Amino acid sequence: MSKIADLRTKSDDQLVADLAELKREAFNLRFQAATNQLERPARIKEVRRDIARIKTLQTERSVAAKA
């Protein structure tokens, strides 16, 4: 199952919680990158894309609710 399919099964509250966690992780990864302690540089890209997926899904849901 794809990541977006997994996210679609979650409630709005779960998505908000996941988004907050991913933003926290992105901050920590940026901090590690700045201090040259980053173990997996590709993780930054993964986290950014996951954040974008969640935001896109939230936008889709809000547009659908207005319609």
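Q: In what order do the elements of the protein chain run from the N terminus on?
A: In this predicted model, local features need pLDDT of at least 70 and side-chain atom pairs count only at pLDDT 80 or more, while totals for chains, interfaces and linings use all residues. Residues are numbered from 1 along each chain as its sequence is written, and side-chain values use heavy atoms, with hydrogens and water left out. Helices (H or I, at least four residues) and strands (E, at least two) are DSSP runs, numbered from the N terminus. The protein chain has three helices and zero strands, and the order is α-α-α.

Q: Is the protein chain more spread out than a compact globule, or less?
A: The radius of gyration is taken over C-alpha atoms, and the globule rule is 2.2 Å times the number of residues to the power 0.38. For 67 residues the rule gives 11 Å, and the protein chain has 14 Å, well over that value. The C-alpha atoms fill a box of roughly 45 × 25 × 15 Å along the principal axes. The protein chain is therefore more spread out than a compact globule.

Q: What share of the 67 residues in the protein chain is buried?
A: Buried means under 20% relative accessible area, exposed over 50%, and partly exposed in between (1.4 Å probe, protein chains only). By this cut-off, the buried share of the 67 residues is 18%.

Q: Which residues of H2 are buried?
A: Helix H2 covers residues 12-34. What covers its buried residues includes H1 and H3. An α-helix has 3.6 residues a turn, so residues three or four places apart point the same way. The buried residues of H2 are Leu15, Leu19, Leu22, Ala26 and Leu29.

Q: Is leucine 29 buried or exposed?
A: Leucine 29 is found in helix H2. Contact means heavy atoms within 4.5 Å, and, leaving aside neighbours within four places in sequence, leucine 29 is in contact with Leu38, Arg43, Ile44 and Val47. Its relative accessibility is 10%, so leucine 29 counts as buried.

Q: How far apart in space are leucine 29 and isoleucine 44, C-alpha to C-alpha?
A: In sequence, leucine 29 and isoleucine 44 are 15 residues apart. Isoleucine 44 is also among the contacts of leucine 29. From C-alpha to C-alpha, the two are separated by 6.5 Å.

Q: Is glutamate 21 buried, partly exposed or exposed?
A: Glutamate 21 is found in helix H2. Its relative accessible area is 43%, so glutamate 21 is partly exposed.

Q: Which helices do the buried residues of H3 pack against?
A: Helix H3 covers residues 42-66. Its buried residues are Arg43, Val47, Asp50, Ile51, Ile54 and Leu57. They pack against helix H1 (3-8) and H2.

Q: How far apart are the end C-alpha atoms of helix H3?
A: The expected span of a helix is 1.5 Å times one less than its number of residues. For the 25 residues of helix H3 this should be 36 Å. The distance in the model agrees with that, at 37 Å.

Q: What is the phi of asparagine 36?
A: Asparagine 36 lies in the loop between H2 and H3, and at 73% relative accessibility it counts as exposed. Most residues other than glycine have a negative phi. Asparagine 36 has a positive value, near 55°.
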